[in-house]
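Dear colleague,

I am passing the structure below on to you, and after it you will find an account of what was found. Please read the two together.

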Amino acid sequence: MDRLQKVLAQAGVVSRRKSEELILSGAVRVNDEIITELGYKVTSKDKIYVNGILIKKEEHVYFALNKPTGCVSTVSDELNRKTVLDLFSEEDKKYRIYPVGRLDYDTAGLLFLTNDGEFAEKLTSPKSEIEKEYMARVEGMVTKLEALNLSRGVVLKTGYKTKPAYVKVVSSDKRNNSSLLKIVIKEGKNHQVRLMCEAINHKVKKLTRVRIGTVTVNEIPRGGYRKLKIHEIKQLMNL
């Protein structure tokens, strides 16, 4: 027997947290009974309805996408911009996949998509502290002291102070007055890496996420994707 909210998340309906909200709102029925108890347990024989619609357990799929710039990390866009789903085949989109977290419109790199709500919640929860590695090309010559200050935590213009991070000046381009930084964070605030660099007065020119946890974007062409391997999924869930 499993908890109702876990089953809803595994079915790809919504995340476990959103499943709890659905249950508390009275939108979930098991067989002929409306359930508002979060600890309620169900079996594989129970029929579960959300807003009157019978849910079916879907096959879970997990993809790693090398997102290009110029597309949004959503399943649809009110401004009719290109979305990450436009990069997927119709065969793979039939699983009702959605992005795990986001990358900015102008940011490229690794992004996961899945229909597994439990997986998505694990990776986006602040408690997980999963490493995310970025390569940032910034304006100006970043000094060792500035990199050190960045690694110790800086106050963003939002007022939030970042947690310690790994920061390394990979290279400096004096001719074009720019620096390449490797930045590894365990947080996921909106526009965080860009705001971190602005906090030390170096605007980001180009930003790419190259790693999440143990999975890298290596060997995935820009705009391409692949399925995550079983051991990769297990490693991510156990981080």
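His-191 is found in the loop between strand E12 (178-185) and H6, where helices (H or I, at least four residues) and strands (E, at least two) are DSSP runs, numbered from the N terminus. Please bear in mind that this is a predicted model, in which local features need pLDDT of at least 70 and side-chain atom pairs count only at pLDDT 80 or more, while totals for chains, interfaces and linings use all residues. Residues are numbered from 1 along each chain as its sequence is written, and side-chain values use heavy atoms, with hydrogens and water left out.

Although His-191 is not a glycine, it has a positive phi of about 55°. With a relative accessibility of 45%, His-191 counts as partly exposed, since buried means under 20% relative accessible area, exposed over 50%, and partly exposed in between (1.4 Å probe, protein chains only). Glu-129, which is not a glycine either, has a positive phi of about 50°; Glu-129 sits in the loop between H4 and E10 and is partly exposed, with a relative accessible area of 39%.

**The chain as a whole**

The secondary structure of the protein chain comes to seven helices and 15 strands, and its C-alpha atoms fill a box of roughly 70 × 35 × 35 Å along the principal axes. Of the 239 residues in the chain, 46% are buried. Among the contacts (heavy atoms within 4.5 Å) with a separation of 6 or more, 63% are between residues 24 or more positions apart.

**Cores and cysteines**

A nonpolar core is a set of buried Ala, Val, Leu, Ile, Met, Phe, Trp, Tyr and Cys residues joined through side-chain atoms within 4.5 Å. The largest one has 33 residues, of which Ile-97, Leu-113, Leu-150, Ile-183 and Met-196 touch the most other members. The elements that give two or more residues to this core include helix H5 (144-152), E12 and H6, and H6 supplies the largest share, four residues. A second, separate core of 17 residues includes Leu-110, Ile-130, Val-217 and Leu-236.

The structure holds zero disulfides, a disulfide being a pair of cysteine sulfur atoms within 2.5 Å. Cys-197 counts as buried at 0% relative accessibility, and Cys-71 does so at 1%.

**Pockets**

On a 1 Å grid over the protein atoms alone, a pocket is an open set of points where a 1.4 Å probe fits, with protein on both sides within 12 Å along at least five of seven lines, and lining residues have an atom within 4 Å of a point. The largest pocket holds about 1200 Å³ of space, a volume being the space filled by probe spheres set on the points, which are joined across faces, edges and corners. Its lining has 44 residues, of which Gly-101, Arg-102, Thr-124, Gly-188 and Asn-190 lie nearest the centre of the pocket. Helix H4 (117-124) is one of the elements that give two or more residues to this lining, and the largest share, four residues, comes from H4.

The second largest pocket has a volume of about 270 Å³ and is lined by 15 residues, with Val-7, Thr-43, Ser-44, Ile-48 and Lys-57 nearest its centre.

With kind regards
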